[in-house]
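I opened the model and kept notes as I went. The entries follow the order in which I looked things up.

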Amino acid sequence: MFELSASTNAVRPSFLTADAHSMADSLPSINFGFDDLRDRMARFTERFDTFIAKGRKQVLEERNRFRINVAELQEDQRLKSREIENLAQKSSNHAQTIDKEAAETAEMHAAITSITQQRDARAQHRDRIRSEIAAIRKQIAQRQSTQQQYAKAIDEQARVNTPELDFWQTYLCMRIEGTGTVDRLRFVFTHVDEKDWEREVSFDLDTEKRDYRVASVKPKLDAEQIQHCVERLNDNRELGPFLKNMRELLTAALK
């Protein structure tokens, strides 16, 4: 097969060479306008390059303007962010100031309330003290009146009792002493012990209340006997017989 192809290729050039020249001479002459097409292509290429250059320049200009706008926007954003931060800081400071003022206002209201309560309490305390002072003054006046009446009665009674008391002191060998306690008297007797006439016996009479009582006695006596004498004294208010009975009890206690 390869050989056949080779022989065919060898024959073909001779055939083409022989006929080609005659056929080309016989074909009509055709003008395809390659020069005009080349010029048109050149002008188109020039216009296209100009368009591309203008587009590239416009793109670069727009890119530069875009970059400038972006830079300006970034700067504006940075300034706005700083303003926002400043406003936020001012707002925070303002809020803190408001909270502080609110706390101070609440503290002042609390202090005012406390002072008002203290004032009201002191006013009530003052009124109560005034009432107590008025009541105490009234009691003092009543006591002074009572004491004056009592002193008058005592004075009148003393005028009566002094001779009687002198009699009982002499008759019973008795003397009256103070005990160091208000409304308490000590009655001391002698000549009660046959072996020692100077020996002393005594008892303390408490006159603080209306019903008298024997606070202490020396030597010790039977409580029922003492109570019996005191009851008689409180009933009849006669001191002479009471002293006589107490002397008899003390004398009997020494035997």
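**Entry 1**

I found both Arg 38 and Asp 35 exposed, where exposed means over 50% relative accessible area, buried under 20%, and partly exposed in between, with a 1.4 Å probe and protein chains only. The side chains of Arg 38 and Asp 35 meet in a salt bridge at 2.7 Å, N to O. I take a salt bridge to be a side-chain nitrogen of Lys or Arg within 4 Å of a carboxyl oxygen of Asp or Glu. Arg 38 and Asp 35 are separated by about one helical turn, because they are three residues apart in helix H2. I noted the general rule too: an α-helix has 3.6 residues a turn, so residues three or four places apart point the same way.

**Entry 1: what I am looking at**

This is a predicted model, in which local features need pLDDT of at least 70, side-chain atom pairs count only at pLDDT 80 or more, and totals for chains, interfaces and linings use all residues. Residues are numbered from 1 along each chain as its sequence is written, and side-chain values use heavy atoms, with hydrogens and water left out.

I looked up four helices and four strands in the protein. Helices (H or I, at least four residues) and strands (E, at least two) are DSSP runs, numbered from the N terminus. From the N terminus on, the order of elements is α-α-β-β-β-β-α-α. Of the 255 residues, 12% count as buried. The accessible surface comes to about 21,200 Å², and 54% of that belongs to carbon and sulfur atoms. These areas come from the Shrake-Rupley method with a 1.4 Å probe; for residues, only the protein chains shown count as cover.

**Entry 2: a patch on the surface**

Phe 44, Phe 48, Phe 51 and Ile 52 make a nonpolar surface patch of about 420 Å². Patch residues have over 30% relative accessible area and no salt bridge; nonpolar side chains (Val, Leu, Ile, Met, Phe, Trp, Tyr) are joined within 5 Å, like charges within 9 Å. Phe 51 belongs to helix H2, residues 34-171. I list Phe 51 as exposed because its relative accessible area is 59%.

**Entry 3: the strands**

I followed the strands in order. E1 (residues 174-178) and E2 (residues 184-189) pair in the antiparallel sense over five bridges; two strands pair if DSSP finds at least two bridges between them. In this pair, Ile 176 stands opposite Phe 187 in E2. The hairpin of E1 and E2 has five residues between the strands, and Gly 180 there takes a positive phi near 85°.

E2 also pairs with E3 in the antiparallel sense, over six bridges. Phe 187 stands opposite Phe 203 in E3. E3 is joined to strand E4 (residues 213-218) by five bridges, and the two run antiparallel. Asp 204 stands opposite Ser 216 in E4. I counted six residues between E3 and E4 in their hairpin.

Is Ser 202 buried or exposed? I list Ser 202 as buried because its relative accessible area is 14%. Ser 202 is found in strand E3, residues 201-206. Leaving out residues up to four places away in sequence, Ser 202 touches Arg 186, Phe 187, Val 188, Val 217, Lys 218 and Leu 250. Contact means heavy atoms within 4.5 Å.

Leu 250 is one of the buried residues of H4, which also include Phe 242, Leu 243, Met 246 and Leu 249. I checked the length of helix H4 (residues 239-253): its 15 residues should span 21 Å at 1.5 Å a residue, and the end C-alpha atoms are 21 Å apart, which agrees. The expected span is 1.5 Å times one less than the number of residues.

The structure holds 11 salt bridges. In one of them the side chains of Asp 206 and Arg 213 meet at 3.3 Å, N to O. Asp 206 counts as buried because its relative accessibility is 9%, whereas Arg 213 is partly exposed at 43%. Salt bridges that share partners join Arg 175, Glu 177 and Glu 200 into one network.

I also noted Arg 126 and Asp 127, which form a salt bridge with the closest N and O atoms 3.5 Å apart. Arg 126 is partly exposed, with a relative accessible area of 42%, and Asp 127 is partly exposed at 37%.
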